Amino acid sequence: AFSGATIEAAAHRFSMGRAGPQAIDTLLSATIEDKQLIAKSPGYYTTPAALASQSSMLRTIEAGKGLEQPILSPAEFGRALTSYEARKTDDMQRAGQLSAGQSFALNREQANAAAMILTTTDRHTAIQGAAGTGKTTAMAFIREAAEGHGYTVLGLTTGAAQAKTLQTEAGIPSQTIASFLASARASAPQDSAAPRTLIVLDEASQVSQKDMSAVLQVLDKRSHRAVYVGDIRQHGSVEAGRAFDQMQRAGIETSVLRDVRRQSESNVAGREAVQLMMSDAPGAMSAAFAKLKPIEVGSGEAAYRAVAAEYVALSADGAHVGVATPLNADRVGLNDAIRLELKAHGRLGDGLVIDTLRKVDMTGPEARHVSSYREGMTLQAQRDYARSGGPAQGDTLKVREIDRHKGRIVAVNER
């Protein structure tokens with residue numbers, strides 16, 4: 001759902017100022033009267049297509065309940081977990097990641113999540129957990145256990161970087177949702193992957209209603225099982241819809257991870273602070289910062305230099321140190337200051353400037369509207385148009401000219 005204010009702002013932007021508030025209000029009222037927009041709650045609206053997509057998605061999830069045979073029996077699960085933890089302990093001790101007296105083990109929440117996914121009869125399941133709660137660690141065991149019982153495990157994510165991370169950290173061969181759907185459209189149903197397939201859809205909160213419904217349709221046709229992994233508290237998709245949230249509200253079998261494991265056991269204050277930051281309790285954020293014992297360093301360049309000096313001192317012995325800031329301008333300033341400080345301490349040589357592409361977040365309608373583009377932008381072909389004389393997939397084109405009156409963009413292939 002989107003607010004009336006959001007609709008009016010988008011209408012004003014797309015009209016490029018030619019439509020005034022009264023004209024937009026009149027058109028909005030007519031659209032509601034024609035039922036092209038449906039009031040969902042006071043001041044918020046949705047579309048018939050969005051409602052139909054959501055209903056279809058939830059019906060598919062409901063129809064999948066009790067439809068499958070468990071991947072493992074409870075007894076098989078216990079043996080698989082014991083074997084996995086023993087092997088991981090040996091591997092990590094040999095690699096020097098654990099001492100002789102230490103052992104690797106999933107925590108109770110991770111083990112419960114794995115048990116739910118591997119022993120359920122539901123086709124669709126979910127893992128809800130904030131960053132650092134060990135979702136990827138649990139999925140690594142789930143992947144190995146499922147493969148050991150004849151399943152093919154495939155990962156889906158919203159971006160190529162996330163797909164690489166899922167493959168590296170959990171050992172799950174992964175691809176983007178866009179490429180998965182494109183392959184599905186190009187192949188006949190009988191050309192699908194092995195029927196005993198478990199799909200892991202990571203960062204599910206970032207998937208739009210449209211894409212989630214499309215994925216579910218493909219999985220249903222192919223009789224694939226799926227586990228949706230994410231955190232409804234994180235930022236959602238650029239496109240409309242809160243599909244992962246709706247799935248949980250509708251009763252998809254869900255295992256919740258709350259225990260933050262990313263901070264070391266010795267960093268008690270850090271762990272407690274993160275738990276507070278994840279809380280909705282009044283004053284939780286202030287209490288979290290109090291546990292971290294904040295140091296006030298002013299603002300601007302002086303603050304950047306102070307943070308940079310602290311970063312260099314803390315990382316001197318090889319410790320992994322991160323710096324977080326909510327503002328992009330501060331991010332740039334902090335990065336520059338840290339590089340200068342590292343150079344001053346002889347820990348960083350001369351840099352190499354590399355131009356990179358930064359994705360511009362747009363909805364589907366915005367991407368089709370000429371007002372969303374600017375001269376100098378770089379476009380990248382997501383499909384292969386070479387047969388028709390256009391760019392090949394992956395080619396980049398530089399926007400040279402924009403004719404807003406004719407709705408035309410002139411872009412030059414940089415290949």
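A: **Helix packing**

The axes of helix H4 (residues 74-94) and helix H6 (residues 135-148) come within 11 Å and cross at roughly 120 degrees (axes are lines fitted to C-alpha atoms over the stretch in contact, with angles from 0 to 180 degrees between N-to-C directions; helices are DSSP runs of H or I with at least four residues, strands are E runs of at least two, and both are numbered from the N terminus). The model is predicted, with local features requiring pLDDT of at least 70 and side-chain atom pairs pLDDT 80 or more, while totals for chains, interfaces and linings use all residues. Residues are numbered from 1 along each chain as its sequence is written, and side-chain values use heavy atoms, without hydrogens and water.

H4 and H6 are therefore oblique to each other (under 35 degrees is roughly parallel, over 145 roughly antiparallel, 65 to 115 roughly perpendicular, and the rest oblique). Their crossing is right-handed, that is, the near helix is turned clockwise from the far one by less than a right angle. On the H4 side, Phe77, Ala80, Leu81, Tyr84 and Arg87 meet Ala140, Phe141 and Glu144 of H6, contact meaning heavy atoms within 4.5 Å. The residues of this contact divide into 6 nonpolar, no polar and 2 charged (Ala, Val, Leu, Ile, Met, Phe, Trp, Tyr, Cys and Pro count as nonpolar, Asp, Glu, Lys and Arg as charged, and the others, Gly among them, as polar).

A further pair is formed by helix H13 (residues 300-314) and helix H14 (residues 328-344), which pack at an angle of about 50 degrees with their axes 8 Å apart. H13 and H14 are therefore oblique to each other, and their crossing is right-handed. From H13, the contact draws on Tyr304, Arg305, Val307, Ala308, Ala309, Tyr311 and Val312. H14 contributes Ala329, Asp330, Gly333, Leu334, Ala337, Ile338, Glu341 and Leu342. By class, the residues of the contact of H13 with H14 comprise 11 nonpolar, 1 polar and 3 charged.

Leaving aside residues up to four places away in sequence, Thr396 touches Leu357, Thr378, Leu379, Gln380, Val412, Asn413, Glu414 and Arg415. Between Thr396 and Ile252 there are 144 residues in sequence and 41 Å in space, C-alpha to C-alpha.
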